[in-house]
Amino acid sequence: MQAARLMTLHAAWKMDTEGVAASLSEIAMIKFWGASVLYNVIDRAIQAHGSLGYTTDLPLEAMYRHARAARIYDGPDEVHKVTVARRILRDYRPADVPTEHVPTRREAARAKFGSLLDTYASNE
Ligand SMILES: Cc1cc2nc3c(=O)[nH]c(=O)nc-3n(C[C@H](O)[C@H](O)[C@H](O)COP(=O)(O)OP(=O)(O)OC[C@H]3O[C@@H](n4cnc5c(N)ncnc54)[C@H](O)[C@@H]3O)c2cc1C
């Protein structure tokens with residue numbers, strides 16, 4: 001819940017300071033994260049109340065229906081996740097091998113520092 005509050009405030013702050021166009025990832029993130037937190041919290045509240053929580057004697061069942069719809073009505077969770085993923089990944093370019101590929105890095109390190117290895121790793 002705290003993460004949802006802070007993400008909402010952060011998205012609002014970014015919209016205020018950098019504009020809506022620069023904040024589309026933050027807006028999409030809070031849409032699926034907030035809806036998920038809402039859903040999970042109400043689900044747990046129903047569980048804590050047992051069968052009473054599932055009846056219309058408490059407001060929880062109505063909250064539950066609304067919370068379930070929140071994962072759909074402003075665009076399904078999946079669509080917001082795709083938006084976030086696309087916006088994050090567009091700043092990256094594919095490489096032949098992952099940049100952290102150890103054999104490739106070892107080869108590059110040997111090319112750069114190989115002469116030092118010969119000097120300092122000898123037993124003389
Ligand atoms: C209670 C409620 C109130 C609503 N109020 C409004 C309103 O006021 N104004 C309005 O315009 N609309 C409203 N809607 C409609 C709402 O915007 C759409 O239901 C929503 O955009 C999803 O479209 P859809 O139902 O056609 O589902 P579809 O687009 O058919 O999606 C069905 C499922 O397919 C999956 N899916 C869809 N697209 C993707 C994707 N790109 N990647 C991966 N998976 C995907 C998801 O699991 C999704 O739940 C409301 C809906 C509800 C339930």
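A helix, as I use the word here, is a DSSP run of H or I with at least four residues, numbered from the N terminus. With that settled, I note that His-66 lies in helix H4. I also remind myself that I am reading a predicted model.

**Entry 1: His-66**

Next I looked along the rest of H4, which covers residues 60–70. Which of its residues are buried? I noted Leu-60, Glu-61, Ala-67 and Ala-70. Looking down the axis of H4, I see these buried residues fall within an arc of 165°, so they line one face of the helix. On the other side of H4 I found Arg-65 and His-66, both exposed, which puts my residue from the previous entry in its place.

What do the buried residues of H4 pack against? I traced them to two partners, helix H2 (24–49) and helix H3 (51–54).

**Entry 2: Ser-23**

I moved on to a loop. Ser-23 belongs to the one between helix H1 (2–18) and H2. I count Ser-23 as buried because its relative accessible area is 0%, where buried means under 20%. Leaving out residues up to four places away in sequence, I find that Ser-23 touches Lys-14 and Met-15.

**Entry 3: the ligand**

Which residues are around it? I listed Ala-69, Ile-72, Tyr-73, Gly-75, Pro-76, Glu-78 and Val-79. By type, I sort this shell into five nonpolar residues, one polar and one charged.

For Tyr-73 I noted a polar backbone atom 3.0 Å from an oxygen atom of the ligand. For Glu-78 I noted a polar side-chain atom, 2.9 Å from a ligand oxygen. How much of the ligand's area does the protein bury? Taken alone, the ligand exposes 970 Å², and I find 30% of that buried by the protein.

Conventions. Residues numbered from 1 in each chain as written. Predicted model: local features only at pLDDT ≥ 70, side-chain atom pairs only at ≥ 80, totals over all residues. Heavy atoms only, no water. Near = heavy atom within 4 Å. Polar contact = N/O pair within 3.5 Å; in protein donor to acceptor, adjacent residues only side chain to side chain. Areas by Shrake-Rupley, 256 points an atom, 1.4 Å probe, with all protein chains shown as cover. Nonpolar A, V, L, I, M, F, W, Y, C, P; charged D, E, K, R; others polar. Buried < 20%, exposed > 50% of the residue type's maximum accessible area, 1.4 Å probe, protein only. Helix = DSSP H or I, 4+ residues; strand = E, 2+ residues; numbered from the N terminus. Arc of directions from axis to C-beta. Contact = heavy atoms within 4.5 Å.
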